[in-house]
Amino acid sequence: IIDGGNTFWQDDVRRGKALKTRGIHYLDVGTSGGIWGIERGYCMMIGGDEAVVDRLDPIFKTLAPGIGEIERTKGREGRDPRIEQGYIHAGPVGAGHFVKMVHNGIEYGLMQAYAEGFDILKNANIDALPEDHRFDLDIADIAEVWRRGSVIPSWLLDLTSSALAQNATLDNYSGFVEDSGEGRWTINAAINEAVPAEVLTAALYTRFRSRKDHTFAEKILSAMRAGFGGHKEPK
């Protein structure tokens, strides 16, 4: 059995043990790539017995994005070649979804950083500022120029630039931002490990707040979620 959804990793551990007593192998596969994965391939984080993962390697290799045009990282010579193809055997049952859980927690933080930055740019011309400190900025153009040679490019920025180019005010979004669970699980893991996770925690709490008060930052978040995952705001 292969679970390729966003399952809680502790459920994987429990199911893996139960299935093993019946002679059934179980793999948990954290899958990233959103709705575009069908065209680009999926980044996969796999948990399970090594022999089973190796036997099913042709499946994962077919679904993975491959090296593509991404520049190869210096110093990786002699390491597992599957990593550059876009998939990893992360460890035993549960490890795949654990790694994907943290991936999604990081995603929350990255999205929130972009959203807050664009909100600051949007409000740079408010009346509360001294007149000579106000800037009427074209945030759609700023998003686009940041894609080209800056130190903060990413697919999330690509999606943001596209959304702003189509509608600079994002008035087609309310700013109501859902969370799908992985962010909460990541924070719980941080608590259990006594690891400070201020940014990821704040990003999760901002999503809670968005369901009451909507800012432009939350519209940016909604636009990114719609772009990479086809997530629609609740009516």
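**Figure 1. Surroundings of Leu-164 in the predicted model.** Leaving aside neighbours within four places in sequence, Leu-164 is in contact with Phe-118, Ile-139, Ala-140, Ala-143, Leu-170, Phe-216 and Ile-220. The coordinates shown here and in the following views belong to a predicted model. Leu-164 is also one of the buried residues of helix α8.

**Figure 2. The largest nonpolar core.** This core holds 24 residues, and those that touch the most other members are Phe-118, Leu-164, Leu-170, Ile-220 and Met-224. Two or more residues are given to the core by each of α6 (95-122), α7, α8 and α11 (216-229). The most is given by α11, which supplies seven residues. Apart from this core lies another, made of ten residues, including Val-29, Val-53, Phe-60 and Ala-64. In soluble globular proteins, nonpolar side chains tend to be buried together.

**Figure 3. Helix α8 and its cover.** Helix α8 consists of twelve residues. From its first C-alpha to its last it reaches 17 Å, close to the 16 Å expected at 1.5 Å a residue. Its buried residues are Leu-156, Leu-157, Leu-159, Thr-160, Ser-161, Ala-163 and Leu-164. The elements covering these buried residues include α6, α7 and α11.

**Figure 4. The salt bridge between Asp-158 and Arg-147.** The side chains of Asp-158 and Arg-147 meet in a salt bridge, with an N to O distance of 2.7 Å. This pair links distant parts of the chain: Asp-158 belongs to helix α8 (residues 155-166), whereas Arg-147 sits in the loop between α7 (139-146) and α8, and the two are eleven residues apart. Asp-158 counts as partly exposed because its relative accessibility is 29%. Arg-147, with a relative accessible area of 31%, is partly exposed.

Figure 5. A salt bridge joins the side chains of Asp-179 and Arg-184 at 2.7 Å, N to O. Asp-179 has 12% relative accessibility and therefore counts as buried. Arg-184, by contrast, counts as partly exposed, since its relative accessibility is 40%. A search of the whole structure finds eleven salt bridges.

Figure 6. Arg-14 forms a salt bridge with Asp-11, and the closest N and O atoms are 3.3 Å apart. Both Arg-14 and Asp-11 lie in helix α1 (residues 9-20), where they are three residues apart, or about one turn of the helix. Asp-11 is partly exposed because its relative accessible area is 25%.

Figure 7. Ile-2, Ile-59 and Leu-63 make a nonpolar surface patch of about 240 Å². Ile-59 has 40% relative accessibility, so the residue counts as partly exposed.

**Figure 8. Gly-105 and its contacts.** Gly-105 lies in helix α6. The residue is buried because its relative accessible area is 2%, and the cut-off for buried is under 20%. Not counting residues up to four places away in sequence, Gly-105 touches Thr-186 and Leu-200. Gly-105 and Trp-155 are 50 residues apart in sequence, with 16 Å between them in space, C-alpha to C-alpha.

**Figure 9. The whole chain, as context for the close-up views.** Eleven helices and four strands make up the secondary structure of the chain. The C-alpha trace spans about 70 × 40 × 35 Å along its principal axes. Of the 235 residues in the chain, 39% are buried. Among contacts in the chain with a separation of 6 or more, 68% are accounted for by residues 24 or more positions apart. The chain exposes about 13700 Å², and carbon and sulfur atoms supply 56% of this area.

Terms used. Residues are numbered from 1 along each chain as its sequence is written. This is a predicted model: local features need pLDDT of at least 70, side-chain atom pairs count only at pLDDT 80 or more; totals for chains, interfaces and linings use all residues. Side-chain values use heavy atoms; hydrogens and water are left out. Patches are made of residues with over 30% relative accessible area and no salt bridge: like charges are joined within 9 Å, nonpolar side chains (Val, Leu, Ile, Met, Phe, Trp, Tyr) within 5 Å. Accessible areas come from the Shrake-Rupley method with a 1.4 Å probe; for residues, only the protein chains shown count as cover. A salt bridge is a side-chain nitrogen of Lys or Arg within 4 Å of a carboxyl oxygen of Asp or Glu. Buried means under 20% relative accessible area, exposed over 50%, partly exposed in between (1.4 Å probe, protein chains only). A nonpolar core is a set of buried Ala, Val, Leu, Ile, Met, Phe, Trp, Tyr and Cys residues joined through side-chain atoms within 4.5 Å. Contact means heavy atoms within 4.5 Å. The expected span of a helix is 1.5 Å times one less than its number of residues.
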